[in-house]
Amino acid sequence: APVAVEFEDLQRAVRSAQRFLGETIRMIAAEGRSQRSSPSYLPVEVFSYIVKNVLEDSESHHKGGYYGQLGQLCLVCKGWADRIHNIPELWTGIDLSQSEEFLRLLISRSGCFPLDVGCDLDYLPPMKHSIIKSEAYRWRSLDIRSDHEHPMETLLANPAPRLQELTLEGPRAWAPSTNVFEGTAPKLEVVVVKGCGLPWRSPIFSDLKKLTLWEIEEHPPQLEALLDILTSSPRLSELAISVTSIQLDTYNASRRVTLPNLQSLVVEYLDPEIMAVLLNSIEAPPSAAIFLGTVLEGDEEMALELEDVSTWLVARARSVRSGICTLSLKMGCKKRSDWSEGEDGDWNATLKYETEGNHLGTLSIRVNAPAAQHVGVLSYLAGKIQPYTEALPNKIRFVDINRDCPEKEDTNLLCAMHRTFPDIREIELVNLEYRAMIDALGRLFPRPGSGTSPLFPHLTTLTVNRSGHRPWVGWLQANRKQTDEGGVSPLPHHLTLRLEEGEIDVDGLQALQKLVSGPLSLDNVQVK
């Protein structure tokens, strides 16, 4: 059985290579550059391109990883093996968990090309440290992790003149005793640091394009040192600072740093004072996407915890008068271990004001708070932008509301939105769980004869995006029934109903056609 699996792997690799070879040879022949179809006649650049595409092809991934696939291609024939062995850029990825023999082979085959080095340093034999340290002058990227000081100190001691990307995750109580890389890393553009400290005034921190500081609590930079780094990095496009105790011992309260090329700013889960000072010290262009996160400890702290994020919210709301933007609010109760999840993590509720266009970047506010506080958070932040609601987009998007919705109006998010922005004309419900979905539908379209007024009386467009539409359609049909014979009260005639993604059966579609007197559209919905 193992032999059969290896043979299948080899067949897949060969088929992928043959496909790319065929396409490339046809292209070359069509252009009159060559009439010979054997890969031995291809220029090394073309052959290398083909091999790289095979390795990157998701369909060709199989057991053994990158070098396992490369080894499979070497088995095609001796000509292929000789060529692959002599293309240095194919052998530049260094994982220190590999055997010492293979590590030396990679260093030999990679020639003088820059190296991409990555590994967890703990429990590695000293010889491997020595081997890779001696190649520091060739490092292009370095991604290392360790719970111990010594291996980090050892590996960061030599100059790294070709280093472009540095990712470190080190002991929280550690900061280097000397300047890393002897202060020599002139090409460094990307720095990601988690847990440990660094000599923040080192000359290596200049002209950066990306800077990420995460969970640095014992040896964080002082604000002035951080602002110096930003000042010396006018090309900076991404800045992210999360769960980091920036020191405010001595700083110039009037100092502001302008980052003209900033595309993304993330500031999350900082002490309120630190967050206020940091945000007041950075000027981002209107096109930048801004992500602000805070933890709400209790109702009595709401104004304090949300004050700084609401300041940016107000500024962006004012800007809407001369442009278009998306305002996003994400709420949930997340453990600290989950904070590192990206923008689309598992939040309990996501609300978005959005419209088409990109004149202004996104403003996304993430509030870590229990469900009982969600309406309070929404009301507080919404109250800050009410003076600008006439200029704001009149579309609201509810995404991934997966908690059972409170029945009381004063604790229901949809009701809170109605109280604050009653003139909303477009609503999009995305991936709502069933209970949240029927709660929303019941409030938007009350049972006929119940005497209940619908929320958002000016609603003209409702979009529903779910994996399956039949359950909510069945509930809505039953809720709109007027007679035992099955007669239903149609939805408002001016309403456009849009279904996106997922599937619906024929009966469900026919039921919707009876309910919807206005336009009904299906976008990428399978009818079964």
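In the predicted model, a nonpolar patch on the surface is formed by Val506, Leu522 and Val527, which together have about 210 Å² of accessible area. Valine 506 belongs to helix H15, which covers residues 506-515. With a relative accessibility of 40%, valine 506 counts as partly exposed.

Aromatic contacts were examined next. A pair of aromatic rings is described by the distance of the centres and the angle of the planes. The count comes to five aromatic pairs. In one of them, phenylalanine 47 and tryptophan 80, the ring centres lie 5.7 Å apart and the planes stand at 90°, so the pair is edge-to-face. Phenylalanine 47 is part of helix H2 (residues 44-56) and tryptophan 80 is part of helix H4 (residues 78-85), so this pair ties together parts that are 33 residues apart in sequence. Both phenylalanine 47 and tryptophan 80 are buried. The pair of tyrosine 67 and tryptophan 91 has ring centres 5.7 Å apart and planes at 15°, so it is stacked. Tyrosine 67 lies in helix H3 (residues 65-74), whereas tryptophan 91 lies in the loop between H4 and strand S1 (93-95), and the parts tied together are 24 residues apart in sequence. Tyrosine 67 and tryptophan 91 are both buried. Ring pairs also link Tyr67 and Trp91 with Tyr66 and Phe102 in a cluster.

Arginine 83 lies over the face of phenylalanine 47, at 5.4 Å from the ring centre. Over the ring of tryptophan 91 sits the charged end of arginine 109, 4.6 Å from the centre.

Salt bridges number 17. Glutamate 189 and lysine 209 form one of them, with the closest N and O atoms 3.8 Å apart. Glutamate 189 is in the loop between strand S4 (165-169) and strand S5 (190-194), and lysine 209 is in the loop between S5 and strand S6 (210-214), 20 residues apart. Glutamate 189 has a relative accessible area of 23% and is therefore partly exposed; lysine 209, at 32%, is partly exposed.

Arginine 366 and glutamate 268 meet through their side chains in a salt bridge of 2.4 Å, N to O. This pair links strand S14 (residues 363-368), which holds arginine 366, to strand S9 (residues 264-268), which holds glutamate 268, across 98 residues. Arginine 366 and glutamate 268 are both buried.

Key. Residues are numbered from 1 along each chain as its sequence is written. This is a predicted model: local features need pLDDT of at least 70, side-chain atom pairs count only at pLDDT 80 or more; totals for chains, interfaces and linings use all residues. Side-chain values use heavy atoms; hydrogens and water are left out. Patches are made of residues with over 30% relative accessible area and no salt bridge: like charges are joined within 9 Å, nonpolar side chains (Val, Leu, Ile, Met, Phe, Trp, Tyr) within 5 Å. Accessible areas come from the Shrake-Rupley method with a 1.4 Å probe; for residues, only the protein chains shown count as cover. A salt bridge is a side-chain nitrogen of Lys or Arg within 4 Å of a carboxyl oxygen of Asp or Glu. Helices (H or I, at least four residues) and strands (E, at least two) are DSSP runs, numbered from the N terminus. Buried means under 20% relative accessible area, exposed over 50%, partly exposed in between (1.4 Å probe, protein chains only). Rings of Phe, Tyr and Trp (its six-membered ring) pair if their centres lie within 6.5 Å; planes under 30 degrees apart count as stacked, over 60 as edge-to-face and the rest as tilted. A charge sits over a ring if NZ of Lys or CZ of Arg is within 6 Å of the ring centre and within 35 degrees of the ring normal.
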